[in-house]
Each structure stands twice: as structure tokens, then as C-alpha cells.
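This report describes a structure part by part.

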Number of protein chains: 2
Amino acid sequence: MLPTTPYRGTRDFLPPEMSVRQQIFGTMFDAVERYGYTRYDGPILESAEIYEAKSGQEIADQQLYSLTDRGGRRLALRPEMTPSVARMIAGNVNSLQLPVRWYSHVNCHRYERPQRGRLREHWQLNVDIFGSDNVACEIEIFEVIHEVMSSLGATRDMWVLRAGDRAVLDSILRDVAKIPQDLVPRTMSLIDRWEKMPREKLRAEAEEFGMEGPRFDELAEILASGSEVLSRLPEDVREGSPLVQMMDGDAKDLFVFDPLIVRGLQYYTSTVFEVFDLSPENNRSLFGGGRYSDLAGLFTTQRIPGIGFGMGDVTLADFLETHGLLPEPRTQVDAAVIPVTEELFPAAREVAWLLRQSSVRVSTPLELRKLGKELTRADRSGARFAVIVGDEEWQDRRVVLRDLAHQQQELIAIEELPARLITLHHEA
Amino acid sequence: MLPTTPYRGTRDFLPPEMSVRQQIFGTMFDAVERYGYTRYDGPILESAEIYEAKSGQEIADQQLYSLTDRGGRRLALRPEMTPSVARMIAGNVNSLQLPVRWYSHVNCHRYERPQRGRLREHWQLNVDIFGSDNVACEIEIFEVIHEVMSSLGATRDMWVLRAGDRAVLDSILRDVAKIPQDLVPRTMSLIDRWEKMPREKLRAEAEEFGMEGPRFDELAEILASGSEVLSRLPEDVREGSPLVQMMDGDAKDLFVFDPLIVRGLQYYTSTVFEVFDLSPENNRSLFGGGRYSDLAGLFTTQRIPGIGFGMGDVTLADFLETHGLLPEPRTQVDAAVIPVTEELFPAAREVAWLLRQSSVRVSTPLELRKLGKELTRADRSGARFAVIVGDEEWQDRRVVLRDLAHQQQELIAIEELPARLITLHHEA
């Protein structure tokens, strides 16, 4: 016998789990579509080199599922969607009317040690604007995040959107903290782990790569001052930053400025942001994104800026569970049509057909069972109604409609059944 | 520069193509859900051995995309869904209340030479009943196929469901055509190609593996007689066949009996069926399925029978196109809210927010453009309405609602806007 467990780090979605996943994503699709985002999709297999070039060393070297096809082409299962969508935008740039608003719902694969919030295959929502540098993009993407979170039932005390700007951070390091040019990249990487590591460890690491203790302490002080540091930046840096522009306008409540936000992916160039769960049990980053000044440089000489985010289902489900926001699985059917003898199976199919014409979800039995057993099954499947087809009643083309929620029943002509059932259903 | 084309045999779905794909599958999901089928999903990566054991030599040897993970596990991208679902059913058989009705929407990979109707990655709908041998399953699955086809707009003159029975064919070969036992498997394989190859070639091949000419001619005659041959079969074979049982009842119009239907996949054991396009330009098999007496033998000693079908998007789209049944892509938004100055961007966002609260899909510009240009963009995006936010009107919190379809416009207070727009929308 072979094992029945799925491959490590991947999941089977039986109907109840699948129903939950679909409701969560369906709610999010509706939210982004209200903002005019349209869905696209692409292949799971891509040429391996598009990840090796852009996704960062960790993904390419250790996390990529790669293979060679029978024609000798080196392929990889996409670990993220951005390189694919960059390829698609570049390939269609002449027929697209930029800027465009696109979203996708895709599974991505990374070879990692499975742990809480991290699996090898996960599903994600990607939401992006391509083709504009305007601060209106930042505002809209942040609004979309608020719409998505609120459509899932999350209130503002449950989460926070923190945003920083890589160009601003770069200027903070060079112009305010006076970090020598050659130490800037390693300082950035240090800041990426700023809140996850003890201060003493960070200080030791800084010293190791050549930053003296007093300078480290000064840096820590500057970073702790929050948005205050902005007034100390050169004017062109301040004016060039979409976030700094937003801080004076009506969109300032959409986010909290946080210079410590860096994010690992290489292509982000200015705005970067992360959404955090505020609950004490699950205090962690839920998802994030950022702006890239030139998304598709691998594929075209045309500069295409963009901004967007990707939101994975594993961390999101943890968040929803923590806050009691996970939806219930949907019922299998609205009604079960139950014939009392095998000879009445065709009659039951006829009744079921009638109900389906009115978009009612209906099952009929595949094997003959006693009525009591069949009613129990109907109840367990979540059916609100049972329609019992008996010998005598059927001779008058009538059936018994039983409301399983209210334990009431009535005898009814089959022509009247669909309308009656729908009325009862809407009465709750 | 790297190429922007997707990997050979796979497809990019830009928003218009994705919208068509989603509408087609959405229609089919609704159809199967009216029959009480619930959706499941599983990982794309599976242990390679589950395909090597069951999917047939051609898939395992030549068509499998396989890889070894960094832990040394041999994996494959699923070429079909049945082995995965068998694994899932076997692993959960104690908590499931069999029979169950399940469906899935998955992409499958096969390394093939891309051609009309055949790609390397395709999307398919899988619909199955697990846990019953009853003929009611055959009837229901055939009904579901009719429901799916009719929900897509296909009428009965466009397609036909042909069904055969491997046990019946086996008996035809042994008991009626008197084919020697050891020639039966190769004769089956011959019959699988019966209508695709010239008769003379089939005859030559039969002779090669040891069937004499006169016996071949007799076989051809028997096969040409259609359902007539059934009366010459032993009674236990006739009575054991779900299709033969159906031919006397109210379900006989759901299919055409055709002893030539064999289908290649190894696990089918009795009923096998195929849906054919009847149009002269596209006369070919669209999809098919069958019954397996023991689905999950690789994973459990418990016998789990099943019946179902898988329907790929590539052949289906060809069929719909041939018959003029492809849906139009959905519009991007219902309304475009257009501010006439940059200062009015926040006002436009406020109006858009109001409309979105009423589930209207709305866009606002990301860059300031002249009103005329913006109206042209709105029209091209498929928006039915433009809402123009002008300086003077906004001082009274009023906007201009323009119906782009009817070239009419009115000045309206923003509180009244959502209801008015929805009314106009429903007036068509």
C-alpha cells in the first residue's frame, strides 16, 4: 500500500476545507473587482532563468523546484508570480492600455521546512497596478488592502499597515546617520531583522562588518524616532517619496509610516509595506508588497513601473482563525429528494430536475435506504429541505415537502414545489 | 532580453481570455452544484510512483514531468486527477459518508507535442461519484453531462454521448466473436482505434498478431450491428451491465450504446463513455470517463468503486467556438469616476467609495488626463457609466452621472447616486 498523506508541505482540500478557502478568496475577488482589477492567469512552469535573475539568491539557490523537460529545457515551478506577470506585461505592452489593474489567484511552490504559516505549496492573491509612478497608485493599493481586510470581517484594531520607503531609508542611512557608503547594503539587511533579533546581537553583527558601537547606537535612536526623522532628510528625497506626500493628505490614515520596513525581494525600489496582525497570539507579518520602478527589465527596454502585493492563504487563514473570522463550510445541497421505493427513483429524478431549473441544489439517493436513514443523511449534508416522493402521493403528482430546520411538512403539487421551497428558504 | 512567450504548450491568460475561461468553468460549477457535487482540491506535486503504477505506460514513460526534490523524493506534476483523488478518498474513507459526489477544477501537465486540442498544461473539470456500484450513478453522471452541456448553451444536435461497457465488449469478443483468450487484450486495443484507422490497416494488424482474416471480418460485422449484439450475450453479462439496464428505462435517451468505446486508461472496468462533437468541422471526442470497480487499490484494501469524467478546457473551447457559444469577456468596471482636476482626486475617491458600498465596480484615474481622453478610456474599459466630479458641482456635493450607452446625463447629489445608477443599470 502507498501512503495516503499528501507530499510534505502540500495540502489536500477536502470539500469542507475547500469551501472555506473558496469563500475567503471569493470575498477578496469581489473586493478587488469593486476597484476595477481584472483577473489574469499564467503557467505554473516557467523558464528557470527568470527566477535565477530576479527573485533573490535564497529562492534561486535553495527553494526552487526545478526540472529539465525531455527537450532539455530548464524549467521551474513558479515560487512567486511577479516574474511571470512581468513577462506577460512586457510581451503585451503594445496592446495594453497602461496603467492596468490586474489580479491573480495562483499557487506557488518553495522548498522550505514546513512550519506555522509556511508551507511548500500555498495559494496567493496577487494585486498590482502596472504602468504608473503616481502616488495615486499607493493610495489605491492601500485602499484596496483596507477593502479586502474589511470584506473579510477584520476591523482596524486587528491589523495595521506599516509602510516605509527604500529611497527614504537609504537617505536616512547616508544623510542622517552618516553610514559609510560601503556599509549601507549590510545595514539594510540588518534593519530587515531589526525587530526580530535582540538589540545586542544586531550591535555585534554591525560591529563585525565594520560599524562602530556609537554609530550603531545613534542609528538605533534615529530609527526609533519614527516619522520625525523625515524632517532631517534632503528636500528632493522627501518630495520624491509617495509616502511622504501621502502624509499630508486625506490618505494619511491608511497606513503607519515605519522606516524599518525593508522587505527582502530585490525588485522593490521605493515604497514597501507590510500588514501585521495585532493580536498578541499571532503578532506577525501577514503579507506585504511594494513598488518597483522597472518591473520588466529582463524582458523589455521599456521602463514599466508597478506597485502591488501578494497575500498567501496560510498566514491569512491563521489570522482569520485567531480573530474568529473563518467562514463556515457551505452546505452540500439545499434539498434532498427521497423516493420511498426503488420504482420511484425516476419520479425523484423528475422532481429534482424541476427544482434544479429554479437553481435549487438538489441530491437524489444513489442507493435505496430506509426513509429515516435518508433523512438523517439529508440533515448531515446540511440540506434545509427534504422532499419525500411516496407511492400514493405520486399518483396525484404530489410530494411531501419537509422543512428540516423547523420540523414542519406539507403535501404539495410538484408544479408548486419550486416556488414554495424558495419562499420558505427566504423566510429563513 | 529574455523571451516573453510562455513555455511551449502552456498559456498566458490575459484578462479577456481569463474572463472567458472563468465564465465557462463558473457555468459548469453551477451545473454540477445543482446536483449536489462539492468541490475539492489537491496538490500539483505528487509522488511519482502513483502514476507509474496506474496511469498507463504512455503517461509514465513519456509524458510525465518528474523531478527529485532536495530531500531526494521523486515527484511528478499530476498528469491527471484520478490518482490524487483516489489517495484522498482512501485516506479519509473512515470519516466520509460514502457515496460522495465530488468535483474539482485543476490543471494537469503532460509532455506532448502541442497540437490542436492538445497542450502541455490544461485545465479540467473532474466530476465523480465514489462509493457506489448502483446504476443510479451512471444515470446521474449522464444527467450531469446533459446539464453541463445545456448550461453552456449546447443543444442536443451539437453533441452526442456514446457509451460502452468493457465487460460487455469482453464478452462480445469471447462469447460471440469467439476470439481466443490470449488475443483479447490486443483486440481491445485494436477496437480503441477502430474508427480512426482504415479497415485494411486494422485487418493487417490483426493478422499480424494472429487473428485470421475471416474471423476479423466476422468481428467487424458483429461490431457494426450496434446494440443488436446484446441479445447474443450470456444473461449474467447482460444483467450485470449498468448500460444494458438503462436501455429499458426512462434514462435510455441520455446516451447511445456503442460497443466500440474502450478508452485507454487502465482503471476503467465496465461503463466507459465519450462525448463527441457532431459538427463536421470539429468531429472529434470532447471528453470522456468511465467506471472503476476498485479506485483506490493502491492505497487501501477497502474496495471503493467510482464513476466520473474529466473535461479539458482546450477541446471544450474549440467546441464552443465552433458552435458560436463562447461567452464575451466581462467588462472591467461598471462605472468610471472622473475628477476634472488633481485637487478633486480625493473627492473622486469618496464618490467611488460610496458606489463600491453598493457593490458597483468602479475605477478612478491614476493620472490626471483631459476629460475627453478619460471618457474614451472609460468607454473602452466597458464602463456603462461615467461619473464626472467638477469643481462647482462638488461644492454642493453633486456630480454629473453620464450614461455612456444612451449618451444621456444628469446632475445628481452624491447620496442619491448609487441607487440611481443601479436603477439605470437594471433598465438596461
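A residue is called buried if 20 or more other C-beta atoms lie within 10 Å of its own, exposed if 12 or fewer do, and partly exposed in between, with C-beta atoms placed from the backbone. By this rule R110(B) is buried, because 21 other C-beta atoms lie within 10 Å. The loop that holds R110(B) runs between β5 and β6 (121-130) of chain B. Helices (H or I, at least four residues) and strands (E, at least two) are DSSP runs, numbered from the N terminus. R110(B) and H122(B) are 12 residues apart in sequence, and their C-alpha atoms are 8.8 Å apart in space.

The model is predicted: local features need pLDDT of at least 70, side-chain atom pairs count only at pLDDT 80 or more, and totals for chains, interfaces and linings use all residues. Residues are numbered from 1 along each chain as its sequence is written, while chains are lettered from A and ligands numbered from 1 in the order in which they are written.

**The two chains**

Chain B is superposed on chain A by a rotation of 180° with 0.0 Å of shift along its axis, and the RMSD is 0.1 Å. This is the relation of a two-fold axis. The superposition is by least squares on the C-alpha atoms of residues with pLDDT of at least 70 in both copies. Of the residues of chain B, L67(B) comes closest to the rotation axis, with its C-alpha at 2.8 Å. The same surface serves both copies, since 100% of the contact residues of chain B recur in chain A.

How many residues of chain B are in contact with chain A? There are 69, and they touch 69 residues of chain A. On the side of chain B that touches chain A, 31 residues are nonpolar, 19 polar and 19 charged. Two residues are in contact if their C-beta atoms, placed from the backbone, lie within 7 Å. Ala, Val, Leu, Ile, Met, Phe, Trp, Tyr, Cys and Pro count as nonpolar, Asp, Glu, Lys and Arg as charged, and the others, Gly among them, as polar.

Chain A is divided into domain 1 (15-322) and domain 2 (335-426). These bounds come from an automatic or database domain assignment. The C-alpha centres of domain 1 and domain 2 of chain A lie 52 Å apart.

**Strands of chain B**

L67(B) also belongs to the description of a sheet, where L67(B) stands opposite L75(B) in β4(B). Three bridges join β3(B) to β4 (residues 74-77) of chain B, and the two strands run antiparallel. Two strands pair if DSSP finds at least two bridges between them. The open sheet has three strands in the order β2-β4-β3 (chain B), with antiparallel pairing. Its edge strands, β2 (45-47) and β3 (66-68) of chain B, each pair on one side only. From one strand to the next the twist averages 40°; axes are lines fitted to C-alpha atoms, for helices over the stretch in contact, and angles run from 0 to 180 degrees between N-to-C directions.

Strand β14 (residues 385-389) of chain B is mostly covered, with five of its five residues buried. In a regular strand the side chains alternate between the two faces of the sheet. F385(B), V387(B) and V389(B) point one way from β14(B), while A386(B) and I388(B) point the other way. Which strands pair with β14(B)? Strand β12 (residues 335-339) of chain B pairs with β14(B) in the parallel sense over five bridges, and A386(B) is the bridge partner of A336(B). β15(B) pairs with β14(B) in the antiparallel sense over four bridges, and D403(B) is the bridge partner of F385(B).

**Backbone exceptions**

Most residues other than glycine have a negative phi, and most peptide bonds are trans.

| Residue | Phi | Loop in chain B |
|---|---|---|
| S359(B) | about 65° | between α13 (345-357) and β13 (362-363) |
| R397(B) | about 55° | between α15 (391-395) and β15 (398-403) |

S359(B) is exposed, because 12 other C-beta atoms lie within 10 Å. R397(B) is exposed, with 12 other C-beta atoms within 10 Å.

A cis peptide bond joins L98(A) and P99(A), with omega about -5°. P99(A) sits in the loop between α4 (82-91) and β5 (100-109) of chain A. In chain B, L98(B) and P99(B) are joined by a cis peptide bond with omega about -5°, and P99(B) is in the loop between α4 (82-91) and β5 (100-109) of chain B.
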